[in-house]
Amino acid sequence: MTVSSEIARKDYAGDDVTTVFPTTFKFLEKDHVKVILTLDGFETILERITNYEIIGENLPSGDVIMNVPPAIGETLTIKRGIPLLQGTDYIENDPFPANAHERALDLLTMIAQVLQEELDRTVKFAESETSTGLTLPPPEEGLFLVWDANGDLENVQIKDAGTLLVSSFAETYLDDTTATTTRNTLVAMGKIVSAPEDNIVTFSSLGDSKNSTISRNQITLSANAAGTANVIIGIFSPAITSFNDGQMVRVRASAANTSTTPTFEANLVAARTIVKNGNQPLNNGDISGPDHELLLVSNTSNNVWELLNPATKHHAELNWDGTGVISITKSYGIAMISDLGIGLTRVTVINQFPDINFAAAGIAERVGSASASQQINTSPDEAVTTTTILLENHNQQGTLNDGPRNTVIFDTI
């Protein structure tokens, strides 16, 4: 037996399919191999039998056989993991145990390769550096490692780190001693708008540090809706961590609401009811369905999210053509139009209004010199409900008639 290769580790990218992975290195026992699964920087040391099996000991290469194929995005690391023990015993006056001796030498070589693989992942001085005896101070939260005058490392706060090279932009605010002073400096420079201190957000991903701090209330964060049609969840980055007044978000809906009181939860901020039109409840279908881009604004006074662009509309365009027959040129949100006689029309809407405080606005179109001005209003002969309204069509003298072309629009007051 010999150890003829310096390879002591192999990494594989998961593909949701492959389960057999060659070690590419020799190992003497199954327990001399360590298998690690990594996802998004988090490592999991796998257990033999539970997660995988291994074959091929004492061969130039063996195979790790996974119970479940590593997923796309996961990394499988196979490396030696040998106990630092020496189990070969030489019996005095016995024949020389050549095989056992060679196996012990192989094991020592493999242990050296394990140590070398670990050393290769450490921070080291250059080959020509003569410094020795360097030790790290214990880790302390919020402190920085800095070389002192004696060439040793120490923990310091950034303000005690000595002279630091910064941009001319950073020089304008690094001497500020409080968050308020810093914010005022940035406002004066036109880099942010004035905003409460807890509404300042920093984006490290924007690239240009001069423009990386802005008011949270001046931006619109976007997310695809999770949850259900009536319990909507938005996961934003950067995360919304508190419910501040005036925060606008955009959420792409996944389904139409079937409740008048759906809720919205932003990241880990508690869910709150979605309303519209100054704290009015939604109608079913105000969230029209998949891909409706919802614009929501936080309102701390009412503890709600207000939907700025509900889908529900109530309007129709009706044409009185002078013959007593109602001809509809355009309709939206209207369930039924009933002709109740000359100048009287009952309109029924599809989506119920939240209350009876809605209006019917009529616009008459003059056709030729014989046309007279028309007026459309709600009839006192029938009470308005949240789904129906009786309209009267008058000529200039106040007489009911089926006049020329008229447009009627229904909407909340």
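Trainee: Is glutamate 53 buried, exposed or partly exposed?
Mentor: Glutamate 53 is partly exposed, with a relative accessible area of 24%. Keep in mind that this is a predicted model.

Trainee: Which side chain does glutamate 53 meet in a salt bridge?
Mentor: That of arginine 48, at 3.1 Å from N to O. Arginine 48 also forms a salt bridge with aspartate 31, where the closest N and O atoms are 3.4 Å apart. Aspartate 31 sits in the loop between β2 and β3, and arginine 48 in the loop between β4 (42–45) and β5 (52–55), so this pair ties together parts that are 17 residues apart in sequence.

Trainee: And aspartate 31, buried or exposed?
Mentor: Exposed: its relative accessible area is 53%, and the cut-off for exposed is over 50%. Arginine 48 is partly exposed, at 27%.

Trainee: How many salt bridges are there by this rule?
Mentor: The count comes to 13. One of them joins the side chains of aspartate 106 and lysine 26, at 3.8 Å from N to O. Aspartate 106 belongs to helix α1 (residues 98–119) and lysine 26 to the loop between β2 (20–22) and β3 (33–39), so the pair ties together parts that are 80 residues apart in sequence.

Trainee: Are aspartate 106 and lysine 26 buried or exposed?
Mentor: Both aspartate 106 and lysine 26 are buried.

Trainee: Which residues are linked in a network of salt bridges?
Mentor: Arg9, Asp11, Lys79, Glu117 and Arg121 are linked in such a network.

Trainee: Sheets next. What is the strand order in the open sheet that has β1 in it?
Mentor: The order is β1-β7-β3-β4, four strands with antiparallel pairing. β1 (9–13) and β4 are the edge strands, each pairing on one side only. From one strand to the next, the twist averages 20 degrees.

Trainee: How many bridges do β1 and β7 pair over?
Mentor: Five, in the antiparallel sense, with β7 covering residues 74–80. Tyrosine 12, for instance, has leucine 76 in β7 as its bridge partner.

Trainee: And what about the open sheet with β22 in it, what's the order there?
Mentor: β22-β23-β26-β25, four strands with antiparallel pairing. β22 (334–339) and β25 (375–378) are at the edges with a single partner strand each, so one side of each has no neighbour in the sheet. Direction ignored, neighbouring strands are turned by 25 degrees against each other on average.

Trainee: Which residue stands opposite arginine 346?
Mentor: Leucine 390, in β26. The strands β23 (residues 344–349) and β26 (residues 388–394) pair in the antiparallel sense over five bridges.

Trainee: Last topic, packing. How many residues does the largest nonpolar core have?
Mentor: It has 20 residues, and those with the most contacts inside it are Ile232, Phe236, Val249, Val251, Phe264 and Leu296. At least two residues of this core come from each of β12 (220–227), β14 (248–252), β15 (263–266), β18 (293–299) and β19 (304–307). β12 gives the most, with three residues.

Trainee: What is leucine 296 in contact with, leaving aside neighbours within four places in sequence?
Mentor: Leucine 296 is in contact with Gln247, Met248, Val249, Val251, Phe264, Ile274, Trp305, Glu306 and Leu307.

Trainee: Which residues does the second core include?
Mentor: Phe21, Val33, Val64 and Ile78 are among its 14 residues, and this core is separate.

Methods:
Residues numbered from 1 in each chain as written. Predicted model: local features only at pLDDT ≥ 70, side-chain atom pairs only at ≥ 80, totals over all residues. Heavy atoms only, no water. Salt bridge = Lys/Arg side-chain N within 4 Å of Asp/Glu carboxyl O. Buried < 20%, exposed > 50% of the residue type's maximum accessible area, 1.4 Å probe, protein only. Pairing = 2+ DSSP bridges. Axes fitted to C-alpha atoms, helices over the stretch in contact; angles between N-to-C directions. Core = buried A, V, L, I, M, F, W, Y, C linked by side-chain atoms within 4.5 Å. Contact = heavy atoms within 4.5 Å.
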